[in-house]
Amino acid sequence: MIIKIETGRKIFSLFLLLFVCLNVMADRTVRLTILEKGTRQPVIAANVEYAGNEKMEKSSFTVTDINGIVTFTIPQTGVCHYRISSMGFVPLTGIIDRGTKELTLYLDQDVMGLNEIVVTGSRTARPMKLSPVATQVLSGQSLVNAGYGNLQQALQQETPGLNIQKVGFGNEISMQGLDARHVLFLMDGERMTGDMAGNLDYERFNLHALDRIEIVKGASSTLYGSRAAGAVINLITKKATKPLRVEAGVRYGQMNERNYKDISKKDFQYMFEKNVDRPNLQSWVSAGARSGKFTSQTDVWYSVSDGFYLYQEENDRKVYTKEANPFLDEDIIIRSYMPRPPMGIEGSEHVSASQKLYWDPSDRLTMQVYGSLFFMNTYDMIQDLVFSQSRDFTGGAKATYKIKDWFSVTAGLHTDFYDRFKRHERRDERQKVYKSRILQPRLTITSHYFEGHDLIFGVEHFTDDLTSDRFVNREMTTRSLKETEYFLQDEWTINPRWMISTGVRTNFSRVFGFMGMPKIAAKYSPDEQWSFRANYSMGYRSPSIKELFFNWDHLGMFQIKGNEYLQPEKNNYISLGSEYSNDRLFLSGTLYGNYFRDKIEGVWRIYDMQYNFEYMNLSRQRLLGGEVLARWRMFDFMTLNATYSYVDVSKRDGVQISTSSPHAATAGLEYRLRKPRYRLTGNFNMSFMGEKTFDVQDRVYVESEGRTRDAYFRCELPAYALFNASVSQTFNNMVKVTLGVDNIFNYQPKTLGSGVTMFNIPATAGARAHLQVELMIEEMIRVFKK
Amino acid sequence: MKKTNVMNSKIKSNRLIHIFRYLHGRMVLTAVCGIISVSLLITGCVDYGAEEFTGKILPRVSGYTTGVTNDWLYFNLRTGEVFNRTMPNRDISEGDQKERTDWDLAFCGYRLRTNSGTSGIGQGGAIDLGYGTYDKWTSVSQLPANAEWIVDTDTDVYVTMSQNDWNKYLIEHNLDFKDNPWFDPNNGPQKTLTSANRLLANSMEFSGPPPVYLPSFHTYVVRSADGGRYFKLQIISWYNTNTEIGDTGGQISYYCDELQP
């Protein structure tokens, strides 16, 4: 009986204790509402980290729901320190007072962009400020807000020293004095194929599917291998962070040029006439969903653009300088007696779609499968009864398993299949003219076992197959290149001020044998505002399959010949940089030197009674340059961006073969107004390209010798600046309307180039307006549900 | 009350997630269907709506690619007879055309001759009636009375030299092959003056590389060698409708019809 009474007392005491505890816990529950500053829109899926100490040790994590609300229990210490972060916002830290049960906090947009997480410079995610390798980040959303219609335009307007020009075969990208062969484009860290002289179909990149673009200048071959000798441009696509995010949009722009009226089916060139006069129209859908362990992201983009002609006012003029042609007594100027024909800028129609699926079955295992497809018709301005079609499929899978907290393994397989066709304009038939395949398995191991060290070891194999009718007797023939590469990198955080990154890559291929590429980068940050970076890295570029195996006779006029004895070109890259940032100002300056040897160039040579264009390991080249980036938040509502880039490319025997301008600059002014249920953004930006002076191989008749000689004529192209303006308004966070004008001052190039083959001009049709409407569908659903 | 709110909130939340999943599934499906439709439209179902071409096509490619610089195809528009139909200079050799009146119009690549001036003893010649409007011209009476008929000359029009003829030229003039290649990447292949009609030389313009042949789509009138009949002419394309993909063209498509007296 006594035992029963005691047992009863114990049970009663336990209940009492539990009741008290529950009450105490209920007292310690706090409800936070996270809203965007200005608009007071809920910030969905914001990360909330909280702990009972200022150092945030043993912190807990949670995320806000679709109303921006999160509820959690204050730690037992009774003090609660929090840190709230969300992509595109400045992280917010603070303390929750005792007794606080409800709190509304406001996140400010990260206008300065200093809190971006970057991955390209080190293959591991870390805040931009903490990366030992300087990385420029362009937010996908801000590029869309600025009114850009495609990636080419966005990159050219926002990146110092990057230039996309129209040349004979299409688009040609250059950066810091180097051409497209030295600029590696990646999509989510993976390579793509189907390039023309290093230039991909840039239409493949859906601007509306991009989360951000990371640009790392200088040699990054240690992490990315061949072609990363000049720069890496990594396009990181969106991944859903909210339960649902759906956006759809349409953009309509003025036509570039009306070429035909009253088209009739009787017309011989009926299809051509229709295709060269297309609307400038785009539409897209971006849909992401996240539920439990699954995340899905779908992006679809359809675009059609209008072709047009560019015209040159005066006849061509060639200057053969004594500097580039020492055998001349003086400069010779030859003017063409014929007017230069107009240059056609092709239109295109394309659709791209991508699907990514993520599955995170546990804290230790994450998996991803992805695929994309792309179809494009290119409507050139040539009336030859054919137009080009291209298609591309990419796919792959990745899995990361965290074996220990300090040790994880990632395995991945990436593929890209690209085909190009010629399609008849009067008969329903097409012919494949180009086929390219890449297959790239990769295994990486990361470890944080040693304190302060982030170690990454990787092995990857690269198979590149190219099938073309330009290798053997105009028959479709395949040529392959296979390389196996190993890389190791250690990022050592010595203390909060010092950080050193060292790495090495070894490359083995049957053709080129072994190579080793080291790198070392150091970062010193004496305080929160200042940081200094120094970097040395070795880059390399394996000869492309075209440079190795091409053998194409052009109607008996000339021959393009590959060279199977080519060796990879190598370069040493050194840079010094400093950076200053505070809440209102960001300044970054970099000086660099890039020293190439065995650079592969194409050279015209005459033998067998004809011209032959051959690839050779020809020259050394030295590039010295500097770059300045500035961002100034003058007022809460206004931000100024400015960049300047300078590069000096060495000449070879008085000949300048680099087609880049030494000077390039960009500038942009952004105005923001944020009110509840209303946003206004105004953008005015400019890209400037300095004068270009380069030499083009040719032949000239030398009167004093009575014969023709190999010679170079100098091509001089004037400086120009393109200005864009756009105004974007968002109503109720549901509908965004953007009105903009590209090339607002109607710049039109007066000179297309020089000589028959050399075009090097900005492809602009002049001032053209566009209207863009975007719908945030998930917000509509949310409001509807309410 | 609070409990009810929580319950409602949970139900709402579950419904919402369900809707989200449903919608996302639907959207993906719609997107995929959309892509397939658009892709088919673009790649498979390209709209081939053009009507059959009712004009004329040159019987063969003429000009430097046959190995002969002055490889002319001659047409008697009055009788329909064609000379040099199968090979260069088979029926009328270069030079012989001058003394004949049994041809009215000739093609060498995209250059044209009429039986007039330096090309022939006939009363041929050409006038330009302007862009398009081919069907508008049906009768001789519509032609402008004061039109200046342009006759052929040998100082205005260039044709591309064949590689064979260029090599012969180098040998004859004792010139070095290496210093004087037939093709120059910045200036194209070697050219030479020929006897041709300078007005009709405007009917098609060439530029390149890449090679672009751009018809003017003007309607011209060619006078016959006997001076009594008139034929309207419009050059349509460097290519013929049966051109194979990858073909370099040369079998010109054109309209040519007689104007009623």
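In the predicted model examined here, T33(A) stands opposite I69(A) of strand β4(A). This pair belongs to an antiparallel arrangement in which strand β1 (residues 29-36) of chain A is joined to strand β4 (residues 69-73) of chain A over 5 bridges. Strand β1(A) also pairs with strand β7 (residues 102-107) of chain A, here in the parallel sense and over 6 bridges.

The domain assignment divides chain A into domain 1, covering residues 2-107, and domain 2, covering residues 117-785. Between the C-alpha centres of domain 1 of chain A and domain 2 of chain A the distance is 47 Å. The contact between the two domains involves 10 residues of domain 1 of chain A and 12 residues of domain 2 of chain A. On the side of domain 1 of chain A that touches domain 2 of chain A, 4 residues are nonpolar, 4 are polar and 2 are charged.

The largest nonpolar core has 63 residues, and those that touch the most other members are L143(A), V183(A), L207(A), A231(A), V232(A), I233(A) and L235(A). Strand β16 (residues 231-237) of chain A gives the most to this core, supplying 5 residues. A second, separate core of 45 residues includes F75(B), L129(B), L233(B) and I236(B). Returning to the largest core, A231(A) is one of the residues that touch the most other members. When residues up to four places away in sequence are not counted, A231(A) touches M175(A), Q176(A), V183(A), I215(A), V216(A) and K217(A).

Another position of chain A, L585(A), is found in strand β37 (residues 585-607) of chain A. L585(A) counts as partly exposed because it has 15 C-beta neighbours inside 10 Å, and a residue is placed in that class when its count lies between the limit of 12 or fewer for exposed residues and that of 20 or more for buried ones. In sequence, L585(A) and S619(A) are 34 residues apart, while in space their C-alpha atoms are 42 Å apart.

Chain B contains 2 helices and 15 strands. Of its 261 residues, 34% are buried. Among the contacts in chain B between residues at least 6 apart in sequence, 65% join residues at least 24 apart.

The two chains meet in a contact that takes 58 residues from chain A and 53 residues from chain B. On the side of chain B that touches chain A, at least two residues each come from α1 (2-44), β8 (183-184), β9 (188-189), β11 (204-207), β12 (212-215) and β14 (230-237) of chain B. The element α1(B) gives the most to this side, with 16 residues. By class, the side of chain B that touches chain A comprises 28 nonpolar, 18 polar and 7 charged residues.

As regards confidence, the model scores ipTM 0.80 and pTM 0.86. The average pLDDT of chain B is 85, and 82% of the residues score at least 70. Over residues 1-7 of chain B, pLDDT stays under 50, and the model has 0 contacts beyond four places in sequence for these residues. Where pLDDT is low, predicted coordinates should not be read in detail.

Definitions and conventions. Residues numbered from 1 in each chain as written. Chains lettered and ligands numbered in written order. Predicted model: local features only at pLDDT ≥ 70, side-chain atom pairs only at ≥ 80, totals over all residues. Contact = placed C-beta atoms within 7 Å. Helix = DSSP H or I, 4+ residues; strand = E, 2+ residues; numbered from the N terminus. Nonpolar A, V, L, I, M, F, W, Y, C, P; charged D, E, K, R; others polar. Core = buried A, V, L, I, M, F, W, Y, C linked by C-beta atoms within 7 Å. Pairing = 2+ DSSP bridges. pLDDT = per-residue confidence, 0-100. Domains from an automatic or database assignment.
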